[in-house]
Amino acid sequence: MNNLEYELIKKLLKERHLEHLDCEYLKCRKYKFVINVLDMEEWKNEKFKPLLTSTIWNYNINKIKKILSLPYWKEEKFKPLLTPNIWHKSSSEIEEILSLPYWEEEKFKPLLTSSIWHKSLSEINEILSLPYWKEEKFEPLLTSSIWFSSSKRIKDVLSLPYWKEDKFKPLLTPTIWHKSPCEIKETLDLPYWKEDKYLHLLTSSIWLSNIKKIKEILSLPYWKDIKYEHLLTSSIWSLSAKHITELIELFKSLNIEDYLTPSVLHKSAKQLKALMLYCQDNRISVIDNGKLNSIFSYPLGALKKAYGIDIKLLMKEYERVLK
Amino acid sequence: MKYLESLLDTEYIDDIYEIYDEDFLSALDNDNVKRIVEYLKDNGVYYYSDIITNYLDLFMLDYNEFINKFEKLKLEHTHLIELLGCKMDLLESMRESYE
């Protein structure tokens with residue numbers, strides 16, 4: 001390591017306002033090499049500028065020049081690929097990937113994102129040549145998140161038998177790649193999907209949950225009672241079974257469970273309880289015109305402004321009761 | 001959650017952890033949430049913290065999809081921003097349309 005050389009490089013970067021390109025690896029580089037890279041004409045082109053990051057010092061100038069001179073960068077569809085990840089590939093591999101025939105087809109174009117550089121040419125080929133992509137129902141799955149799955153995993157998901165059934169088709173969305181084939185199988189084998197009342201819960205948001213939590217929510221006793229069925233909306237997957245139970249029990253304890261709505265389930269139980277206690281103490285009806293009083297749908301700031309009700313203060317005031 | 005933790009008061013963060021499932025929270029895309037919050041701020045939604053707390057599942061929508069749904073809601077209700085300030089439930093229709 002030549003300290004003097006590194007000091008000169010640092011000075012050069014400072015003069016050109018490129019201090020962000022400084023990194024540990026630069027200590028092993030020659031001043032001449034650095035200035036040659038920085039003086040490359042290519043950097044004058046806006047589209048190449050994102051590629052000038054500190055990772056560039058890991059490569060030789062010929063490789064850099066060769067990659068930037070590829071003819072593909074003239075085409076708009078390939079421009080999203082111009083990110084520093086590209087340096088993980090050789091120019092020949094980049095060329096082979098970009099010359100694949102798939103990029104002529106509209107349906108594959110959303111896959112042209114920088115995540116593609118995490119895959120090898122053979123893996124890309126293997127994934128894109130899968131016969132499933134000929135079926136329209138699988139096309140929504142062609143998004144860049146596919147590059148984080150292996151071709152085996154993709155094959156295992158797409159070959160599951162459930163996709164033959166219409167009721168499961170809304171689940172074919174990119175979030176499915178968050179799940180393993182086993183988890184998908186376990187979720188779709190649940191007996192609940194045989195009942196109509198649960199079918200509208202089969203939406204992509206189910207993949208954000210996990211099998212344990214899905215089971216916890218669906219096994220709650222409330223769903224056996226028709227008066228709670230309207231609470232079964234797909235936004236339920238963002239909630240925990242504990243929270244749902246707490247809210248329903250709160251409304252039940254006040255005999256107002258008929259006024260529960262899906263949006264109430266997304267409120268803090270403690271805040272609702274404090275506001276209910278405030279209503280009780282101030283002779284304000286919690287139920288107004290057959291609905292939950294509109295003060296329950298006010299944002300906290302607006303509630304303070306319009307009614308002088310400070311929920312946070314109320315929560316402190318009713319702390320003992322709330323516990 | 002990293003972005004939200006830097007944006008919201010601890011009281012709101014506590015509410016979020018009380019209401020939402022931890023797996024759901026860890027699946028939130030910080031950049032997407034940030035873009036939606038910026039859009040709400042640009043639209044004068046000063047009560048965005050309440051919207052985040054009570055409608056966080058909507059922030060799971062892709063930014064463009066969220067904007068389309070919100071703009072549609074704006075067409076359906078004149079003075080939507082003021083209206084939402086006392087009737088946040090209007091956002092419920094954005095949930096219905098992603099089901």
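The centres of domain 2 and domain 3 of chain A, taken over C-alpha atoms, lie 29 Å apart in what is a predicted model, where local features need pLDDT of at least 70, side-chain atom pairs count only at pLDDT 80 or more, and totals for chains, interfaces and linings use all residues. Residues are numbered from 1 along each chain as its sequence is written, while chains are lettered from A and ligands numbered from 1 in the order in which they are written.

The domain assignment of chain A gives domain 1 (100–159), domain 2 (161–260) and domain 3 (267–323), with bounds that come from an automatic or database domain assignment.

Turning to chain B, the reader will find 8 helices and 0 strands, where helices (H or I, at least four residues) and strands (E, at least two) are DSSP runs numbered from the N terminus. Its radius of gyration is 13 Å, which agrees with the value near 13 Å for a compact globule of 99 residues, the radius being taken over C-alpha atoms and the globule rule being 2.2 Å times the number of residues to the power 0.38. Along the principal axes, the C-alpha atoms of chain B fill a box of roughly 35 × 25 × 20 Å. Among contacts in chain B between residues at least 6 apart in sequence, 67% join residues at least 24 apart.

Where the chains meet, 24 residues of chain B are in contact with 28 residues of chain A. The elements of chain B that give two or more residues to this side are helix 2 (10–19), helix 3 (22–26), helix 5 (48–54) and helix 8 (92–96), and the largest share, 4 residues, comes from helix 2 of chain B. By class, this side of chain B divides into 10 nonpolar, 2 polar and 12 charged residues.

Definitions and conventions
Two residues are in contact if their C-beta atoms, placed from the backbone, lie within 7 Å. Ala, Val, Leu, Ile, Met, Phe, Trp, Tyr, Cys and Pro count as nonpolar, Asp, Glu, Lys and Arg as charged, and the others, Gly among them, as polar.
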